[in-house]
Amino acid sequence: MAMAYDPNNIFAKILRGEIPCKKLHEDEFVLAFADINPQAPVHILVIPKGAYVSAQDFGARASAAESQAIFRAIAHLTEQHGIAATGYRLISNAGVHGHQEVPHFHFHILGGRALGSMLTRS
Ligand code: AMP
């Protein structure tokens, strides 16, 4: 079972406008903004506006419109930031083993350089 949503997590504060962000895309269901600690030349966070903890929570409860909006945003952002052709990586960390720091479902879009193999051991 998914953990309960914490309305005081940092992305909830960004959604409420309590903390600033470098906004890159917004629509009815989705907000995308620059990661504050970028791991690649392009490092974008894509989050639903709804209160979802993780990918499995989103997958279990989100509407078709919310699900579509996330992937439409990813399509738009990869084109807009010039990485659709060169390639990119989508990551969604969840829970303890996934090393999730912020308990609001998000995708990282990483690109702009060759990213190497998928996992590190630390
Ligand atoms: P995760 O480990 O997948 O939960 O990653 C959380 C990400 O959020 C990290 O890459 C952080 O650099 C990023 N982050 C944390 N606080 C902020 C913030 N205020 N604005 C933008 N990105 C943030």
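The questions and answers below go from the chain as a whole to single residues.

Analyst: This is a predicted model, in which local features need pLDDT of at least 70, side-chain atom pairs count only at pLDDT 80 or more, and totals for chains, interfaces and linings use all residues. Residues are numbered from 1 along each chain as its sequence is written, and side-chain values use heavy atoms, with hydrogens and water left out.

User: In what order do the elements of the protein chain run from the N terminus?

Analyst: Helices (H or I, at least four residues) and strands (E, at least two) are DSSP runs, numbered from the N terminus. The protein chain has 3 helices and 5 strands. Their order from the N terminus is α-β-β-β-α-α-β-β.

User: What is the radius of gyration of the protein chain, and what does the globule rule give for 122 residues?

Analyst: The radius is taken over C-alpha atoms, and the globule rule is 2.2 Å times the number of residues to the power 0.38. The protein chain is as compact as a globular protein of that length, because its radius of gyration is close to the value from the rule for 122 residues. The radius of gyration is 14 Å, and the globule rule gives 14 Å.

User: What percentage of the residues of the protein chain count as buried?

Analyst: Buried means under 20% relative accessible area, exposed over 50%, and partly exposed in between (1.4 Å probe, protein chains only). Of the 122 residues, the buried share is 36%.

User: How are the planes of the F58 and F105 rings arranged: stacked, edge-to-face or tilted?

Analyst: Rings of Phe, Tyr and Trp (its six-membered ring) pair if their centres lie within 6.5 Å; planes under 30 degrees apart count as stacked, over 60 as edge-to-face and the rest as tilted. The centres of the F58 and F105 rings are 4.9 Å apart and their planes stand at 35°, so the pair is tilted.

User: How many residues apart in sequence are the parts that the F58 and F105 pair ties together?

Analyst: F58 is buried at 7% relative accessible area, and F105 is buried at 3%. F58 belongs to helix α2 (residues 55-61) and F105 to the loop between β4 (88-91) and β5 (107-111), so the parts joined by the pair are separated in sequence by 47 residues.

User: Which element gives the most to the lining of the largest pocket?

Analyst: On a 1 Å grid over the protein atoms alone, a pocket is an open set of points where a 1.4 Å probe fits, with protein on both sides within 12 Å along at least five of seven lines; lining residues have an atom within 4 Å of a point. The largest pocket holds about 1200 Å³ of space, and of its 35 lining residues the closest to the centre are Q39, H43, N93, E101 and H108. Two or more lining residues come from each of α1 (10-15), β2 (30-34), β3 (42-48), β4 and β5. The most, 3 residues, come from α1.

User: Which residues does A40 touch, not counting those up to four places away in sequence?

Analyst: A40 is in the loop between β2 and β3 and counts as buried at 10% relative accessibility. Its C-alpha atom is separated by 6.5 Å from that of G112, 72 residues apart along the chain. With contact meaning heavy atoms within 4.5 Å, A40 touches L110, G111, R113 and L115, residues up to four places away in sequence not being counted.

Definitions and conventions. Grid points are joined across faces, edges and corners, and a volume is the space filled by probe spheres set on the points.
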